[in-house]
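Open the structure in your viewer and keep the selection panel at hand. The tour begins at the ligand and then moves to the sheets.

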Amino acid sequence: MHPLARLDHRHVWHPFTQMRDWLKSEPIVLVKGRGTVLEDVHGRRFLDANSSIWTNLHGHRNPAIDRALRRQLSQVAHTSSLGFASAPASELASELIRRARGPKGQPRLEKVFFSDDGSTAIEAALKLASEHSRRAGITKKPRFLSLQGAYHGDTVGAVSVGHIDLFHRTWKPLLFPTDAVMAPYCYRCPFNRAKPERADARTWRKCGWECVSKVEDRFAKATRAGKPYTAFIVEPAIQGAAGMVPQPEGWLPRVAEIARAHRALLIADEVMTGFGRTGTGFRSGPRFHTFAAQRQGVVPDLVAVAKGLTGGYLPMAATLATQEVFDSFLGDYTEFRTFFHGHSYTGNQLGAAASLASLALLADPAGVARRRALEERLARRLELLWRHPQVGDIRREGLVVGVELVRDWRTREPIPLEQRAGIRVCEAMSRRGVLTRPIGSVVVLMPPYCTTPTQLDRMVSALDEAVAEVFPRGA
Ligand SMILES: *Cc1c(COP(=O)(O)O)cnc(C)c1O
């Protein structure tokens, strides 16, 4: 075993990992990267097929971001927004707000609160929403509604609004109570309204937006009971950790309107979906938007961003807020209406410099055209996977893919988690030089935007071969 791998085994505790399994084999020790390629201590090369856990946008060692960081290093690495302003943080806040504009009639985001990661950006949004709502006389007690299968991070507040039983049930005694409402999951639609992905047309019935009615009922019930919701938290366009589950077009504007009618704030968790990840247009729309909610004409009252903000270089996050929310915290010093919340690294200058360079790359029209071509190629290549009876659903939103493995596509019967189907397929992919992680039985592909057509084809082929290897005679 390489000495570095041995050191890891001795002292490093990895997140979301059964360490007994981890300690059984030599870990891949990554030492270098360029573009979509990562290299380990033994000189083996891999494709980064999940953008280093959904963070990287433009590739590793991107020349423009590297240059921006070197320039910033020649000035100063870190000063804090706690007490001081800085050039990159001010510029970044203004860039984010400029890109978050939506159509008339939607709220206007005006203010940016910086933090460190997705969880802290959500945490700030929850506190802002609950205090704003109380001060505005809308709700006395904070009450949050979020979606079934939701994942919003791992700090205690973020876990409280999460609804993935496997991750969240352990922490129940630590959490504040929140409500969950049905999220669209067309492949497993309980009303059997989903359009089957294969030729089985007889079971198909037209969608009646039952999942929207569920949201409406929930809000109506809360309002009738005199316990209205403070805020409704959603991942717009696609729920990531729920298993890459996209929402049908039209779902978000409908539920946003319902939340507004009941005076609840809309909090968008764009930690995964932001910065072009979920596509150059909603399904087929022609324009590029920075945020997924915006693509559907929705501007939330609060938006959390993190993962791709810095292009995947540094831990930095932000919570965008409207003027109304901001104004709730204004007052004389002695009224103590201050937002008493913040972190040491708030507004980190290196992070802000990387973010500005990443945002500039994102808007480049040639880059947008390249991403669109990559999305189209990905859609075509994925068709290859239907040949496996264990491929139940192929879900794609922009450059985000979830392939749901099942016992048999005809019955949609899930594979029990104990069989570790997703993990085994990803291990087989890694032996073919392609790195990604599953979510249960859903294999994720999320290529960085700089991925070449050949590299993209290799990612899909590795998945195709891995499924064949893991299920030689069916599940
Ligand atoms: C990853 C993620 C988070 C948490 O972000 P961290 O940076 O890991 O704290 C929150 N929400 C969504 C949708 C995410 O994908």
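The shell consists of Trp54, Asp117, Gly118, Ser119, Tyr151, His152, Gly153, Glu235, Asp269, Val271, Met272 and Lys307. It divides into four nonpolar, four polar and four charged residues; here Ala, Val, Leu, Ile, Met, Phe, Trp, Tyr, Cys and Pro count as nonpolar, Asp, Glu, Lys and Arg as charged, and the others, Gly among them, as polar.

The model is predicted: local features need pLDDT of at least 70 and side-chain atom pairs pLDDT 80 or more, while totals for chains, interfaces and linings use all residues. Residues are numbered from 1 along each chain as its sequence is written, and side-chain values use heavy atoms, without hydrogens or water.

A polar side-chain atom of Ser119 is 2.6 Å from a ligand oxygen. The side chain of Lys307 also places an N or O atom 2.6 Å from an oxygen of the ligand. For Asp269, the polar side-chain atom lies 2.6 Å from a ligand nitrogen. Taken alone, the ligand exposes 380 Å², of which the protein buries 84% (Shrake-Rupley accessible areas, 1.4 Å probe).

Now switch to a cartoon view; helices (H or I, at least four residues) and strands (E, at least two) are DSSP runs numbered from the N terminus. Find the open sheet of seven strands, ordered S4-S12-S11-S10-S7-S5-S6 with mixed pairing; strands pair if DSSP finds at least two bridges between them. Strand S4 (109–115) and strand S6 (179–181) are at the edges with a single partner strand each, so one side of each has no neighbour in the sheet. From one strand to the next the twist averages 20° (axes are lines fitted to C-alpha atoms, for helices over the stretch in contact, and angles run from 0 to 180 degrees between N-to-C directions).

Within this sheet, select S5 (residues 144–147) and S7 (residues 231–234), a parallel pair with three bridges. Leu145 stands opposite Phe232 in S7.

S2 (residues 37–40) runs antiparallel to S3 (residues 45–48), joined by three bridges.

Conventions: Near = heavy atom within 4 Å. Polar contact = N/O pair within 3.5 Å; in protein donor to acceptor, adjacent residues only side chain to side chain.
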